[in-house]
Amino acid sequence: MRGPANDNQGETLQQACVICGKPQVKGREPFCSPRCQDIDLGRWLKGSYAIPVQDHDDDEDGMGELQQRRED
Ligand SMILES: [Zn+2]
């Protein structure tokens, strides 16, 4: 059994989806479907994970600053 094709409901636009190249759907620009939105979000998340973590030395410096709080 086939379910209703919800992916492309809505008015399509002239521009192509930035993920798959199908016509964009109005209200979902620049995508054609929630699926492509998810794919794009996944790329963003992977990109943020790819940012290198700070060195241990930097982290220790940060801790030192916290411990240098004045207590008078
Ligand atoms: Zn798409």
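Where does P30 lie? P30 sits in the loop between β2 and α1 (34-49). Helices (H or I, at least four residues) and strands (E, at least two) are DSSP runs, numbered from the N terminus. This is a predicted model: local features need pLDDT of at least 70, side-chain atom pairs count only at pLDDT 80 or more, and totals for chains, interfaces and linings use all residues. Residues are numbered from 1 along each chain as its sequence is written.

**Overall layout and confidence**
- The protein has 2 helices and 2 strands.
- Their order from the N terminus is β-β-α-α.
- Mean pLDDT (the predictor's confidence in each residue, from 0 to 100) is 78 for the protein. A value of 70 or more is reached by 56% of its residues.
- Confidence is highest in β2, at a mean of 96. Confidence is lowest in helix α2 (residues 56-67), at a mean of 58.
- Of the 72 residues, 10% count as buried. Buried means 20 or more other C-beta atoms within 10 Å of the residue's own; exposed means 12 or fewer; partly exposed is in between; C-beta atoms are placed from the backbone.
- Among contacts with a separation of 6 or more, 9% link residues 24 or more positions apart. Two residues are in contact if their C-beta atoms, placed from the backbone, lie within 7 Å.

**The hairpin**
- Strands β1 (residues 12-16) and β2 (residues 23-25) run antiparallel and are joined by 2 bridges. Two strands pair if DSSP finds at least two bridges between them.
- T12 is placed opposite V25 in β2.
- The hairpin has 6 residues between the strands, and G21 takes a positive phi near 90°.

- E29 and P30 are joined by a cis peptide bond, with omega about 0°.
- Most peptide bonds are trans.

**I19 and its surroundings**
- I19 belongs to the loop between β1 and β2.
- I19 counts as partly exposed because it has 17 C-beta neighbours inside 10 Å.
- Leaving aside neighbours within four places in sequence, I19 contacts F31, C36, I39 and D40.
- I19 and Q37 are 18 residues apart along the chain, and their C-alpha atoms are separated by 8.2 Å.

**Q37 and its surroundings**
- Q37 is in helix α1.
- Q37 has 15 C-beta neighbours inside 10 Å, so Q37 counts as partly exposed.
- Q37 touches R28 and F31, not counting residues up to four places away in sequence.
- Q37 and V18 are 19 residues apart in sequence and 9.5 Å apart in space, C-alpha to C-alpha.
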